[in-house]
Amino acid sequence: MLQYLVILLDDTSVAYCHAENPLRERNLIPLDTLKKAILFGMKENLMIQYVYPDYDLPEEYNEVIESIDHVKIGRDVAVYSEVPKSIAAENAVLRLSIADFIAKQYDIAAILPQVTRLNICLTDTETFKDEQAEDYKKALATFNAVLINQYKAGKQPQLNILTDRLQLKEMHNCGAGDSNITIAPNGKFYLCPAFYYDEKMGISNRLNHHKPSSERSVGNLETGLQISNPQLLKLDHAPLCRICDAYHCNRCIWLNQKVTWDNNTPSHQQCIIAHLERNAARDLQQQLKAAGFSAGEEIKSIDYLDPFDVREQF
Ligand code: SF4
């Protein structure tokens, strides 16, 4: 069921997830389109998430934006593409390559106590090599040590890749095209911002079997949302993910279509990373419990990192 409407206010709105925003020319959403998008959100009872560019919007936009409850990504939620010295916002997204995440783990650890929530977003998941697993595990252990110290000091900062799994009893993934949908400045719907970027960049839609095209939209504000075969985005149609307990995994459908040519089939890389995090969350849970903190339902020990390798057991 749809719950969130992401509104890209400009073509240069900040990238806040796996995909880079390659668009460099400003293209502000027309005011009339913004009003229609808000109306759509109101009618469907959706929480609005505005995604901001790095410039100030005209005053008439601010009035319209404030006419409905919302979250401002790129404002309330700060987004960084390199490790900042300090973070002013309570809630931040840090987008980094895997190599940078590993190399800068101590710099990131230093800013973790400054926020209520830090979301790490790896920008090159598809390049992950199994040989990087040990280094990734060590970086996660670094953050576990910081989190334990923070708990002991009476604080409980959230780090998405470790603490989310402690709280979850079922899958809680990105949900693009399922629990959220994106509206772009052109008034069209997209499964998420990355699909809009691909269309704008003319990247061929290999999942369009009818004719070569970069078209990615799934409807528009005039005719409504039109996702063909929406069941093919859902967890119950994902044979691997539905047997998996890396409940915090993004299950990024954009990454899936890029790497496996199927929206609902994950790549080995995505699964390995999510399971290294899941197992590190298990370590964190055990350390927290040993220190007298409650840390959610027990995360079981498993002997695989990719559910594809054990699919026959389920
Ligand atoms: S780890 Fe793999 S199988 Fe599990 S939810 Fe993520 S993408 Fe799906």
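A: In this predicted model, the largest cavity is lined by 13 residues, and Cys241, Cys244, Cys249, Cys271 and His275 lie nearest its centre. Its volume is about 100 Å³.

Q: What makes a residue part of the lining of the largest cavity?
A: A lining residue has an atom within 4 Å of a cavity point; 13 residues line the largest cavity, His275 and Cys271 among them.

Q: How is the lining of the largest cavity divided by class?
A: There are ten nonpolar, two polar and one charged residues. Cys counts as nonpolar, so Cys241, Cys244, Cys249 and Cys271 belong to the nonpolar class.

Q: Which residues surround the ligand?
A: The ligand is surrounded by Met171, Leu240, Cys241, Cys244, Cys249, Arg251, Pro266, Cys271, Ala274, His275 and Pro307. This shell has nine nonpolar, one polar and one charged residues. Arg counts as charged, so Arg251 is the charged residue of the shell.

Q: What is known of the second largest cavity?
A: Its volume is about 60 Å³. Its lining has five nonpolar, three polar and two charged residues. Asp and Arg count as charged, so Asp178 and Arg251 in that lining are charged.

Technical notes. Residues numbered from 1 in each chain as written. Predicted model: local features only at pLDDT ≥ 70, side-chain atom pairs only at ≥ 80, totals over all residues. Heavy atoms only, no water. 1 Å grid on protein atoms, 1.4 Å probe; cavity = no way out; pocket = protein on both sides within 12 Å on 5 of 7 lines; lining within 4 Å. Points joined across faces, edges and corners; volume = space filled by probe spheres on them. Near = heavy atom within 4 Å.
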